[in-house]
Amino acid sequence: MEKYEVLKRIDKSGIIAVVRAKDFNEAKKISLACMNGGIDAIEIAFTVPNAQYVIESLVKEFGDKLLVGAGTVLDSETARIAILAGAKYIVSPAFNLQTAKLCNRYQIPYMAGCMTLTEILTALEAGTDIIKIFPGNILNPSFVSAIKGPLPQAKLMPTGGVNLENVTEWIKSGCIAVGVGGNLTKGSSDDITNTAKAFIAKIKEAKSI
């Protein structure tokens with residue numbers, strides 16, 4: 001799948017499910033529950049033991065029907081492992097230049113965590129595709145509006161603290177998408193699926209306004 005296609009799908013759906021789990025089976029269960037709720041972009045955090053095998057399994061099972069990415073990628077070595085496993089995009093909690101270069105080399109979308117205008121500019125200049133506003137629970141939608149003033153071209157995605165009560169505000173402030181972890185992935189499979197559906201509905205409504 002081409003890089004522009006991945007970015008276009010993330011923009012259209014407006015949400016990435018951030019999966020953290022204690023093992024392979026739990027990560028697969030959460031991912032499938034999110035998928036059943038209509039979310040087609042899943043980020044497997046590299047805090048999951050053997051995360052690359054979860055990525056590989058999901059890619060093998062669903063192919064391009066599911067956008068599987070890697071999260072909590074701290075360095076280019078981990079990014080390369082994830083890409084070889086089939087990851088369609090790479091997400092880092094903070095900007096890392098070598099990871100940005102590697103992702104650009106292989107034309108894989110890179111999303112890097114930033115908190116300040118200086119960090120955002122540095123990441124954009126290195127070819128970062130989407131700026132991950134992190135942690136979102138410390139910042140807020142007004143931060144996005146402020147950044148969009150001098151940098152209207154920046155593609156922003158908050159992660160951390162995004163929930164059903166504030167997701168509409170995040171999207172309306174100008175975010176291309178949101179990353180949601182614990183506020184989506186807790187509970188039974190049915191709970192996760194129902195929450196996923198609720199997020200999809202709110203995001204779709206917010207994008208149409």
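User: Where is Gln107 found?
Analyst: Gln107 is in the loop between helix H5 (97–105) and E5. This is a predicted model, by the way.

User: What is phi of Gln107 near?
Analyst: Phi is near 55° for Gln107, a positive value in a residue other than glycine.

User: Which loop holds Asn50, and what about its phi?
Analyst: Asn50 lies in the loop between E2 and H3. Its phi is near 55°. That is a positive value, and Asn50 is a residue other than glycine.

User: How about the relative accessible area of Asn50?
Analyst: The value is 49%, so Asn50 counts as partly exposed. The cut-off for exposed is over 50%.

User: OK, strands. How many bridges join E2 to E3?
Analyst: There are 5 bridges between strand E2 (residues 41–45) and E3, and the two run parallel. Ala41 stands opposite Leu67 in E3.

User: How does the chain cross from E2 to E3?
Analyst: The chain goes from E2 through H3 to E3. That β-α-β crossover is right-handed.

User: How many residues of E3 are buried?
Analyst: In strand E3 (residues 67–71), 5 of 5 residues are buried, which leaves the strand mostly covered. Both faces are covered. Leu67, Gly69 and Gly71 sit on one side, with Val68 and Ala70 on the other.

User: Back to H3. At what angle do the axes of H3 and H4 cross?
Analyst: Roughly 25°. The axes of helix H3 (residues 51–62) and helix H4 (residues 76–85) come within 8 Å. H3 is therefore roughly parallel to H4, as angles under 35 degrees count that way.

User: And what is the hand of the crossing where H3 passes H4?
Analyst: H3 passes H4 in a right-handed crossing. On the H3 side, Gln52, Ile55, Glu56 and Val59 make the contact. H4 brings Ile81, Ala82 and Ala85.

User: Switching to E6. Which way do the residues of E6 point?
Analyst: Strand E6 covers residues 130–133. Ile130 and Lys132 point one way, Ile131 and Ile133 the other, and all are buried.

User: In which sense do E5 and E6 pair?
Analyst: Parallel. Strand E5 (residues 110–114) and E6 pair over 4 bridges. With helix H6 (residues 117–125), E5 and E6 make a β-α-β unit, and that unit is right-handed.

User: Then how many bridges for E6 and E7?
Analyst: E6 and strand E7 (residues 156–158) pair over 3 bridges, in the parallel sense. Between E6 and E7 the chain passes through helix H7 (residues 141–148), and this β-α-β crossover is right-handed.

User: Where is the cis peptide bond with Pro135?
Analyst: It joins Phe134 and Pro135, with omega about -5°. Pro135 is in the loop between E6 and H7.

User: Last one: Lys204. Buried or exposed?
Analyst: Lys204 is exposed, since its relative accessible area is 65% and the cut-off is over 50%. Lys204 has its place in helix H10 (residues 189–208).

User: And how are the C-alpha atoms of Lys204 and Val73 separated?
Analyst: By 29 Å. Lys204 and Val73 are 131 residues apart along the chain.

Key. Residues are numbered from 1 along each chain as its sequence is written. This is a predicted model: local features need pLDDT of at least 70, side-chain atom pairs count only at pLDDT 80 or more; totals for chains, interfaces and linings use all residues. Side-chain values use heavy atoms; hydrogens and water are left out. Buried means under 20% relative accessible area, exposed over 50%, partly exposed in between (1.4 Å probe, protein chains only). Two strands pair if DSSP finds at least two bridges between them. A crossover is right-handed if, with the strands pointing away from the viewer, the path from the first strand over the helix to the second runs clockwise. Axes are lines fitted to C-alpha atoms, for helices over the stretch in contact, and angles run from 0 to 180 degrees between N-to-C directions. Angles under 35 degrees count as roughly parallel, over 145 as roughly antiparallel, 65 to 115 as roughly perpendicular and the rest as oblique. A crossing is left-handed if the near helix is turned anticlockwise from the far one by less than a right angle, and right-handed if clockwise. Contact means heavy atoms within 4.5 Å.
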